[in-house]
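Student: I would like to go through this structure and ask, term by term, what each label rests on. Please show it to me before we start.

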Amino acid sequence: MNQLRVRTLAALFVVAGVLSWGAARLWDSLDTLPGVPVAAPIVLGAIAAVLLATALSLRARLKAQREREPDAKGVDPMMPARAALFGQASALVAALVSGMYGGTGLFLITERADVPARVSQSLYAGLAVVAGIAVIAAAVYLERVCRLPDDDEDHRPPTARA
């Protein structure tokens with residue numbers, strides 16, 4: 001599995017933001033612009049909390065297993081792989097959704113700041129972007145926790161035999 005690149009997530013965020021801003025302009029010209037849900041930052045925050053809790057739990061269990069502590073609870077080898085995959089998928093979706101809310105929020109702030117309902121929706125969109133960034137940060141941390149340790153024997157320079 002390839003490591004997730006922050007550059008890819010940033011590009012996805014920007015592209016989604018630009019497309020969302022354009023779509024918001026189009027929908028607003030037709031007077032059909034949907035509102036930003038209040039639950040968006042709450043759901044993204046919950047996902048970030050789950051990812052962070054998973055990372056911290058796996059980190060402690062893997063450390064105890066590596067140090068061969070007597071009461072260490074074992075970790076199924078597929079669990080870190082599944083957790084890393086969950087983190088990567090969450091980061092990609094969060095980058096896309098955050099870009100979408102960022103573009104919509106930017107449109108609402110710049111074009112519809114005179115409407116009080118739209119100002120509160122731009123606040124929800126901004127909070128969703130912050131929560132999406134928290135999801136990305138937690139997912140990247142989870143991926144780092146699930147990385148296999150380097151094998152020292154493979155990276156040692158060959159020694160001359162006498």
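Tutor: What follows is a set of questions on labels, each answered with a value and a cut-off.
This is a predicted model, in which local features need pLDDT of at least 70, side-chain atom pairs count only at pLDDT 80 or more, and totals for chains, interfaces and linings use all residues. Residues are numbered from 1 along each chain as its sequence is written, and side-chain values use heavy atoms, with hydrogens and water left out.

Student: How many helices and strands does the chain have?
Tutor: The chain has 5 helices and 0 strands, in the order α-α-α-α-α along the sequence.

Student: Why is Ala40 called buried?
Tutor: Buried means under 20% relative accessible area, exposed means over 50%, and partly exposed lies in between (1.4 Å probe, protein chains only). Ala40 has 9%, so Ala40 is buried. This residue is found in helix 2, residues 39-66. In the chain of 162 residues, buried residues make up 33%.

Student: And what makes Pro37 partly exposed?
Tutor: Its relative accessibility is 39%, so Pro37 counts as partly exposed. Pro37 is found in the loop between helix 1 and helix 2.

Student: Which residues does Ala40 touch, leaving out those up to four places away in sequence?
Tutor: Ala40 touches Tyr101 and Ala128 on that count; contact means heavy atoms within 4.5 Å.

Student: What makes a set of residues a nonpolar core?
Tutor: The members must be buried Ala, Val, Leu, Ile, Met, Phe, Trp, Tyr or Cys residues, joined through side-chain atoms within 4.5 Å. The largest such core has 33 residues, of which Leu58, Tyr101 and Leu142 touch the most other members. Helix 1 (6-29), helix 2, helix 3 (78-111) and helix 4 (116-145) each supply at least two residues. Helix 4 gives the most, with 11. In soluble globular proteins, nonpolar side chains tend to be buried together.

Student: How do you know that helix 2 is roughly antiparallel to helix 3?
Tutor: Their packing angle is about 155°, with the axes 11 Å apart. Angles under 35 degrees count as roughly parallel, over 145 as roughly antiparallel, 65 to 115 as roughly perpendicular and the rest as oblique. Helix 2 is therefore roughly antiparallel to helix 3. Axes are lines fitted to C-alpha atoms, for helices over the stretch in contact, and angles run from 0 to 180 degrees between N-to-C directions. Residues of helix 2 that meet helix 3 include Ala40, Leu44 and Leu58, and those on the helix 3 side include Phe86, Val97 and Tyr101.

Student: Why are helix 2 and helix 4 called roughly parallel?
Tutor: They pack at about 15°, with their axes 8 Å apart. Helix 2 and helix 4 are therefore roughly parallel.

Student: What is the handedness of the crossing of helix 2 and helix 3?
Tutor: That crossing is left-handed. The term applies if the near helix is turned anticlockwise from the far one by less than a right angle; clockwise makes a crossing right-handed. Helix 2 also passes helix 4 in a left-handed crossing.

Key
Helix = DSSP H or I, 4+ residues; strand = E, 2+ residues; numbered from the N terminus.
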